[in-house]
Amino acid sequence: MSAAPAFVSVARRADLPALRLLAADLAVHHPGARLQALLLPGLGPRPRSDEPFDVVTASDAGLRELGRLLAEAPPAALEALVRPLALLRVLDTGAPMAVLLAADSQLLAPLTELTDELEQADAVVVPRLLGVLPDDGRRPDAEDLLDHGELDEGLVGVRDTPRARGLLDWWIDRARDGAR
């Protein structure tokens, strides 16, 4: 792979322990990579000065609209909006590609397959399911899949191309509508 991705996560203060574990996993599987954690406003412990990741606040990221949405939008809708905004912000800082990881992700191996795909594709998304759910009366079932979506929004990669930026703009518009 020629270009190293920037890794970003969107989290709440309560997710700081999970972010520390994710940063440690990245250090093992992607040496030299540093996680950027976009912290949503809210209650909880403050980040330490020696966090193993870079803390970016919503105001640092220029996400002024979050203040208004905090009062209006449910937390899940707010997080759904900030994910594509975080990816776009990372691309705007000059990264050739960005990978969004959910704060509670655990990396057991390098994300080589995903990053290799990003060398050729504008974006890489991950389905929650390959194949068909069995009709066995157990969970997860089709309703669970509909509730959570067919694609995992907690693992998305984008390359800095006009098409990927168009996808992010579309995702942001959809998420803004959902947050309203």
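In this predicted model, Asp 54 comes out partly exposed, with a relative accessible area of 33%. Its side chain meets that of Arg 34 in a salt bridge, 2.7 Å from N to O. Arg 34, too, is partly exposed, at 39%. The pair links distant parts of the chain: Arg 34 sits in the loop between helix H1 and strand E2, while Asp 54 belongs to strand E3, 20 residues apart.

Across the whole structure, 10 salt bridges turn up. Another one pairs Asp 122 with Arg 163, with the closest N and O atoms 3.4 Å apart. Asp 122 lies in the loop between H4 and E5 and Arg 163 in helix H6, so this bridge ties together parts 41 residues apart in sequence. Arg 163 itself is exposed, at 66% relative accessibility. Then there is Glu 51, which bridges to Arg 48 at 3.9 Å. Glu 51 is buried, at 5% relative accessibility, whereas Arg 48 is partly exposed, at 43%. Shared partners join Arg 20, Arg 48, Asp 50 and Glu 51 into one network.

Turning to the inside, the largest nonpolar core holds 23 residues, and Val 10, Leu 87, Leu 100, Val 158 and Leu 168 touch the most other members. Helix H3 gives the most to this core, eight residues. Val 158 has contacts including Leu 87, Leu 118, Asp 122 and Leu 168. A second, separate core of 22 residues includes Leu 16, Leu 22, Met 97 and Leu 111.

Strand E4 is covered on both faces: Met 97, Val 99 and Leu 101 are buried on one side, Ala 98 and Leu 100 on the other. E4 runs parallel to E1, joined by three bridges, and Val 99 is the bridge partner of Phe 7.

How values were computed: Residues are numbered from 1 along each chain as its sequence is written. This is a predicted model: local features need pLDDT of at least 70, side-chain atom pairs count only at pLDDT 80 or more; totals for chains, interfaces and linings use all residues. Side-chain values use heavy atoms; hydrogens and water are left out. A nonpolar core is a set of buried Ala, Val, Leu, Ile, Met, Phe, Trp, Tyr and Cys residues joined through side-chain atoms within 4.5 Å. Buried means under 20% relative accessible area, exposed over 50%, partly exposed in between (1.4 Å probe, protein chains only). Helices (H or I, at least four residues) and strands (E, at least two) are DSSP runs, numbered from the N terminus. Contact means heavy atoms within 4.5 Å. Two strands pair if DSSP finds at least two bridges between them. A salt bridge is a side-chain nitrogen of Lys or Arg within 4 Å of a carboxyl oxygen of Asp or Glu. Lists of a residue's contacts leave out its neighbours within four places in sequence.
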